[in-house]
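This briefing describes one protein chain for a reader who is new to structural analysis. Please view the sequence and the structure first, and then follow the points below.

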Amino acid sequence: MNKNSHKIVFFGSDLICLPCLQYLHRQGDASCWKLVAIVSQPDRKKGRGQSLKPNPVSEYAKLNNIKLFQPEKPDDLLVQWMRDQADLSFVMAYGHFLNKAIREACPLGMFNFHGSELPKFRGASPIETALASGESVTGVTFMKIEHKMDAGAVADYEEVQILKEDTAISLRSKIGDAVVPLLKRVLPKLSDGSLIWEEQLESNATYCRKLNKMDGLIDFNLSAENIFDRWRAFYIWPGSFFYHKDQIIKLGAIEIYKGSHDFNLGLPAGTILKNDKNNGLIILTGKGLVRLLELQRPSGRMLSADIFLLGYPLAVGECLIGGTRSTLLSHHGK
């Protein structure tokens, strides 16, 4: 390593971090920086056997022999190591509050990659909230980390287009990839101190919360487009579902139904209008129709609608039980 190279610590725990992490690791030896350590969540018990398994970031560190810290929460020992061994740190999808001692441990600072155009969608679920809100554009912001959530000054932004076929899986992949061009721009400027920082406009701030299981309960009173957007947003977790006779029915693929129809629409939202192998399940919503293409009953497998209906009848005229839309977004910190 060049003696003038900056030593970097990366904080992260999620698959979305890997493009950034790989760039820092693979390009570092030939550039003006060196990835010297990774800080990630501890291994957790997963699967039927409940064996300890690493997350994608800690697994990458282990496979590539990169120094790895996995504290339950950042502690004084980590702070001291960073003061002695590192120059700057980056954070993306780490999953822990970072106190002042950690934020100030490196002389060049600690910086975050946030998956929205700040001050829009501060908080825990910016990618899912952008999808659920029907946004057509989002991106990644490079920002300073402060005590107040996602409120630090910003220096750069990489835009990402949201296509109607994007789900949380594809959009998270796009956001992860978008960090790399950001890194290419900001790393040299961090080294020579030429980055220009701009404070966020607090009056434009919106906040998104952490997702919970009930976010996936479909509200059939919403429009077909809103239901489809929320299905895209919650595709990874918690998924989308409705109730039928006290059973939870999970949904795989759905779509907005735009075919011709002669249905009597003077019915409550959630009513099954058609259930055949050619059309799937056509459901009335608050505005428009949705087609359910894949369904799963408790303890069963995800099946195409025509196969599912062979073993689990859903009759035309039945009204599926959903919930009330859960608000993901608040304004100005309220």
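Asn65 lies in the loop between helix 2 (56-63) and strand 5 (68-69); helices (H or I, at least four residues) and strands (E, at least two) are DSSP runs, numbered from the N terminus. The model is predicted, so local features need pLDDT of at least 70 and side-chain atom pairs count only at pLDDT 80 or more, while totals for chains, interfaces and linings use all residues. Residues are numbered from 1 along each chain as its sequence is written, and side-chain values use heavy atoms, with hydrogens and water left out.

**Positive phi outside glycine**

- Asn65 has a positive phi of about 55°, although Asn65 is not a glycine.
- With a relative accessibility of 72%, Asn65 counts as exposed (buried means under 20% relative accessible area, exposed over 50%, partly exposed in between, with a 1.4 Å probe and protein chains only).
- Phe121, another residue other than glycine, has a positive phi near 60°.
- The loop between strand 7 and strand 8 holds Phe121, and a relative accessible area of 3% makes Phe121 buried.

**Cis peptide bonds**

- Leu118 and Pro119 are joined by a cis peptide bond with omega of about 15°.
- Pro119 is placed in the loop between strand 7 (110-114) and strand 8 (122-123).
- The peptide bond from Trp237 to Pro238 is also cis, and its omega is near 5°.
- Pro238 belongs to the loop between helix 7 and strand 12 (240-244).

**The chain as a whole**

- The chain contains 8 helices and 20 strands.
- Of its 334 residues, 49% count as buried.
- A box of roughly 75 × 50 × 35 Å, taken along the principal axes, is filled by the C-alpha atoms of the chain.
- Among contacts (heavy atoms within 4.5 Å) between residues at least 6 apart in sequence, 67% join residues at least 24 apart.

**Helix 6**

- Helix 6 (residues 168-192) has 25 residues and reaches 37 Å from its first C-alpha to its last.
- That length is close to the 36 Å expected at 1.5 Å a residue, where the expected span is 1.5 Å times one less than the number of residues in the helix.
- At Leu183, helix 6 bends by about 30°; the bend at a residue is the angle between axes fitted to the seven residues ending there and the seven starting there.
- Ser203 is located in the loop between helix 6 and strand 11 (206-208), and its relative accessible area of 47% makes it partly exposed.
- Ser203 and Thr271 are 68 residues apart in sequence and 42 Å apart in space, C-alpha to C-alpha.

**Nonpolar cores**

- A nonpolar core is a set of buried Ala, Val, Leu, Ile, Met, Phe, Trp, Tyr and Cys residues joined through side-chain atoms within 4.5 Å.
- The largest nonpolar core has 47 residues, of which Phe10, Leu24, Phe90, Phe113, Phe142 and Leu183 touch the most other members.
- Helix 6 gives the most to this core, namely 11 residues.
- Another core, of 24 residues, lies apart from it and includes Ile272, Leu292, Leu295 and Ala305.
- Beyond its neighbours within four places in sequence, Phe90 is in contact with residues including Ile8, Phe10, Leu24, Phe113, Phe142, Leu183 and Leu190.

**Leu131 in helix 5**

- Helix 5 (residues 126-132) contains Leu131, and a relative accessibility of 0% makes Leu131 buried.
- Not counting residues up to four places away in sequence, Leu131 touches Ile162, Asp166, Thr167, Ala168, Leu171, Asp229, Arg232 and Ala233.
- Leu131 and Val160 stand 12 Å apart in space, C-alpha to C-alpha, and 29 residues apart in sequence.

**The cavity**

- On a 1 Å grid over the protein atoms alone, a cavity is a set of points where a 1.4 Å probe fits but cannot get out, and lining residues have an atom within 4 Å of a point.
- A search of the whole structure finds 1 cavity of 30 Å³ or more.
- The largest cavity holds about 80 Å³ of space; grid points are joined across faces, edges and corners, and a volume is the space filled by probe spheres set on the points.
- Residues that line the largest cavity include Asp215, Leu217, Asp219, Leu222, Trp231, Phe234 and Ser240.
- Helix 7 (residues 224-233) supplies the largest share of this lining, 3 residues.

Technical notes. On a 1 Å grid over the protein atoms alone, a cavity is a set of points where a 1.4 Å probe fits but cannot get out, and a pocket is an open set with protein on both sides within 12 Å along at least five of seven lines; lining residues have an atom within 4 Å of a point.
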